[in-house]
Amino acid sequence: MTAGIIGATGYAGAELVRLLAGHPQVDKLMLSSTTYEGDAIENVYPNFWGSFSAPLGTAEDVIAASDVVFAALPHGVGEPYAKRCMEKGISFIDLSADFRFDEDEATYTAWYGKAFLHPELRKQAVYGLPELNRAEIRDLAARGPVIIGNPGCYPTGASLGIYPALKEGLYGEGTIIIDAASGVTGAGREPGRSTHYPECADSIAPYKIGAHRHTPEISRNLMKMCGRELPVIFTPHLAPMNRGILSTVYIPLAETHRTKAAAAAPRPPAKEITDKTAEIRERYAGFYKDEPFVRVLPAGGIARSGSVRQSNFCDISLHIDHSGSTLVAVTAIDNMVKGAAGQAIQNMNIIMGFDEDAGISGIPSLF
Ligand SMILES: NC(=O)C1=CN([C@@H]2O[C@H](COP(=O)(O)OP(=O)(O)OC[C@H]3O[C@@H](n4cnc5c(N)ncnc54)[C@H](OP(=O)(O)O)[C@@H]3O)[C@@H](O)[C@H]2O)C=CC1
Ligand SMILES: CC(=O)N[C@@H](CCC(=O)OP(=O)(O)O)C(=O)O
């Protein structure tokens with residue numbers, strides 16, 4: 001099978017190349033770039049030297065020769081390519097936000113400042129968070145070529161940490177708070193002031209507080225999970241690391257799940273809290289037992305970005321605050337893999353009927 005990548009020279013595109021080059025069902029890769037058209041991928045990314053080589057052509061070349069197309073382009077530029085793929089009868093996996101909001105153009109426009117170019121394409125599009133809507137992805141793909149709106153990196157980590165709490169009746173009421181820290185690759189290859197080495201190394205800072213464009217995507221996911229709008233506060237941080245997103249999610253527990261030890265004054269964790277944490281951990285583990293890429297850590301484990309590096313895993317650890325009133329779910333993903341290219345390949349595997357972990361089953365590198 002030939003897989004195509006439009007925008008192969010961005011960070012997400014290059015990560016797709018790295019992973020798809022080792023995919024057992026992919027025989028050939030077609031790549032495009034506007035800036036480097038006529039050159040070769042190994043001249044733009046030296047990690048490919050001697051291991052993988054492919055010319056960089058046009059998006060048209062890619063679509064014409066591919067059986068499935070990935071787009072790793074900025075928001076708002078990929079729709080014409082999606083349209084051409086639908087006309088040709090091949091699936092289109094979009095890493096931008098253009099197809100993440102189903103037919104809700106108002107929300108997309110409010111947060112991204114753009115209108116849908118081809119609104120009718122949404123009928124063939126589906127949000128691609130397999131743990132949330134695998135059946136929907138499969139059903140649509142069974143009817144013909146599809147467009148996958150590959151999830152945002154922050155929404156992936158946050159949503160997977162919250163989903164079981166909503167489905168298992170652990171969440172009570174009140175605001176769910178998500179503090180997340182991302183590696184600098186999340187900002188793409190184009191350097192900027194905040195990603196310039198002296199200004200991001202050895203420093204961590206929040207950004208877009210109360211106003212990040214991933215907030216509506218997280219809200220939509222929670223709505224799909226529990227059928228109602230939930231109050232959410234999401235604060236992203238830029239962390240001095242290349243890869244990874246660590247999300248710390250505070251989920252108010254339902255009255256029935258608060259422990260007897262609940263008290264306002266801080267005190268060391270009581271046995272009731274340790275026991276309750278173990279019970280909630282079991283519920284999360286049971287909820288995700290058939291998921292190939294979610295690892296609920298054993299009691300005492302703490303999710304960390306370094307433990308999922310270069311892998312498609314989402315690690316989750318569960319904790320309860322000293323008062324017994326709030327579940328603290330910590331999730332870790334690699335923003336370039338489960339947060340982008342790996343999840344896109346997971347979606348390809350689902351729609352093409354391949355093993356879901358084909359090409360993305362590698363064990364993380366700890367360092
Ligand atoms: N980095 C991450 O962690 C994640 C990124 N994403 C999404 O993936 C997409 C790509 O992100 P990322 O790789 O980080 O970004 P980069 O800036 O690294 O790459 C984007 C690529 O798109 C191409 N491009 C830029 N402008 C245009 C244009 N107007 N028309 C056609 N091509 C263009 C460029 O390649 P060239 O000039 O060679 O054509 C560029 O290399 C974005 O939508 C991003 O939001 C999603 C999840 C996580
Ligand atoms: C560190 C950093 O800048 N991260 C990016 C999010 C990563 C990304 O590209 O967003 P999508 O997943 O929606 O494509 C940001 O905050 O805009």
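In which loop does Lys208 lie? Lys208 is in the loop between β9 (205-206) and α9 (214-226); helices (H or I, at least four residues) and strands (E, at least two) are DSSP runs, numbered from the N terminus. This is a predicted model, in which local features need pLDDT of at least 70, side-chain atom pairs count only at pLDDT 80 or more, and totals for chains, interfaces and linings use all residues. Residues are numbered from 1 along each chain as its sequence is written, while chains are lettered from A and ligands numbered from 1 in the order in which they are written.

**Domains**
- The protein is assigned domain 1 (2-150 + 340-352) and domain 2 (154-333), with bounds that come from an automatic or database domain assignment.
- The centres of the two domains, taken over C-alpha atoms, are 27 Å apart.
- Domain 1 contributes 13 residues to the contact and domain 2 contributes 18 residues, two residues being in contact if their C-beta atoms, placed from the backbone, lie within 7 Å.
- On the side of domain 1 that touches domain 2, at least two residues come from each of α5 (105-112), α6 (130-142) and α11 (337-352).

**Positive phi values**
- Lys208, a residue other than glycine, has a positive phi near 45°.
- Lys208 is exposed (12 or fewer other C-beta atoms within 10 Å of its own, C-beta atoms being placed from the backbone), with 12 such atoms within 10 Å.
- Gln310, also not a glycine, has a positive phi of about 60°.
- Gln310 is located in the loop between β12 (294-296) and β13 (314-320).
- Gln310 has 18 other C-beta atoms within 10 Å and is therefore partly exposed, a class between exposed (12 or fewer) and buried (20 or more).
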